[in-house]
Amino acid sequence: MGLPLLPTDHAWHRQRAGLRAPHSRLRPPPLVAAGLELEPDPGHGPPTIKLGGLAVIFGHFPAGFDEFISLAKDRLHLGDEQARQLDGVLATRVMALWAWLAGEHRDLYLEYDRATDDLRCWLIGPGPDDLVPVDPEAANPALDRAFHDGLILGGTGNWGGAQGLERLISRHGRTSLAVAAQVADHLDHHPENAVGTLALAHTRWPGLDAGDELTWANLVDDELPFTCSQLGRLALRLGLLRAARALLAAGAVSLEAGPLAWFDHGQVCEALGDLADAETAFNRFAAHRPDDPDGWRRLLLIRLRRGRTLLAGETFERYLSSGGTEADLAGRLAGLSWRMPVEQRAALAGWLLPRLRAARHVQGRTTDPALAVIDGPQGGDPRLPAALTALRTACRLALPESVGPALPRELDDLVLLILPLAVPPFPGDTPERVTEALRAGISLWCSAPSVRLLLTDVDRDPWPGDEVIALLIAIAIPPDDTTSDP
């Protein structure tokens, strides 16, 4: 069959080779078309190749090898108006097409000469110079299956929704990838109906049991990463946390798993207390969905819980620049489950609260600005109103007279450090740990720019002083408290 007209060392080929590489954080566009002109040589030598246009074809991927050839011969199945927009591709003599076969980590490259009706194909990759000719006239079920896998792994834009997946299944059968794609589609469009999604999964894996995690985790070694990821997302919604983690971790190695699977991987790791892996997963999601504030918000909270305050500042700015608001973050903080070690609770409150000016305006909550965030899912603590009054009094006494009788807003926020403490104790929250965590939380609070500016005139070092810390500890651990290590 010979070599392609467009040499494999050409920039267009090399660019795709770089994206095919295992270490690449991207993948090649699923379907790309180019136009080539052949300029005859007056001396009867080989023709000169002149390049026409290059275009990514969105929203369509062939379901089999025959459809791929049909695309080349029928001008990509484009109407007249669409075709005019691709004159640089379609008005040339030779149509070149690349199809990314994600399951193979290779491209199928085709050159169709309209003048001679000559059609030639090669499998290229995964390396830049790996070239295997393909006979376009021969039946090739393995290549048909590769197109089936490439269509699914290329992303939801190729599926054509639930109906498109059903058509694919009618052609290729109920494969693992096709049913996993159905699971993903149903989860995205009906997130509240996990039982209905499980019924879809049962068409391929009837042994999956909503009450037995092993029936799910055992699939890790048998299925592709994409399939593991989608089943892991479903397991998470069924409350099967350990099975969900095993499946999502198996899928995390693949770019084709998709950002939503990485987000769910972060959620299940966080629920199981693995904050390091949760941070990795949310960081990956945010990198691929930088305009989604939910990813930055979750990453911010995880980094604060891990004590990574230097990164928290940058993450907070990315959250705001992606459209997140302080009011929304304050509301999310109010609804947060505070069942976490006291060090993490103090770090969240100490770093975030002085930076959330909108925490005073959380809709539907108490009008007292100091209670606006505290009134979370556990309900108000009956000791809080009197304790807050006492704290405000202590803060006023700690200020020089030059500040005036009114308590500045930044100091009013200090009482919000009660938030991580006025909840049922976490196992291991001894008085010593609570005291140390509270001091660390106050130190973080004092590091906020607005608070540092305010405290330049305060005649105390350190501030707010032991009497304020003692009041906070008294709320967290009353005299009759019997908390001890389990």
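## Two helices side by side

Let's start with a pair of neighbours: helix α14 (residues 293-305) and helix α15 (residues 309-321) have axes that come within 9 Å and cross at roughly 165°. Keep in mind that this is a predicted model. Angles over 145 degrees count as roughly antiparallel, so α14 and α15 are roughly antiparallel to each other. Their crossing is left-handed.

Which residues in α14 and α15 meet? On the α14 side they are Pro 293, Trp 296, Arg 297, Leu 299, Leu 300, Arg 303 and Leu 304. Their partners in α15 are Thr 309, Leu 311, Ala 312, Thr 315, Phe 316, Arg 318 and Tyr 319.

## A cis peptide bond

Now look at the loop between β5 (118-124) and β6 (131-134), where you will find Pro 126. The peptide bond that joins Gly 125 and Pro 126 is cis, with omega at about 5°.

## Positive phi in a loop

Next, find the loop between α2 (65-73) and α3 (80-84), which holds Arg 75. Arg 75 is not a glycine, yet its phi is positive, at about 55°. Is Arg 75 buried, exposed or partly exposed? Its relative accessibility is 36%, so Arg 75 counts as partly exposed.

His 77 also has its place in the loop between α2 and α3. Its phi is near 60°, again a positive value in a residue other than glycine. With a relative accessible area of 43%, His 77 is partly exposed.

Note on methods: Residues numbered from 1 in each chain as written. Predicted model: local features only at pLDDT ≥ 70, side-chain atom pairs only at ≥ 80, totals over all residues. Heavy atoms only, no water. Axes fitted to C-alpha atoms, helices over the stretch in contact; angles between N-to-C directions. Helix = DSSP H or I, 4+ residues; strand = E, 2+ residues; numbered from the N terminus. Parallel < 35°, antiparallel > 145°, perpendicular 65-115°, else oblique. Left-handed = near helix turned anticlockwise from the far one by under 90°. Contact = heavy atoms within 4.5 Å. Buried < 20%, exposed > 50% of the residue type's maximum accessible area, 1.4 Å probe, protein only.
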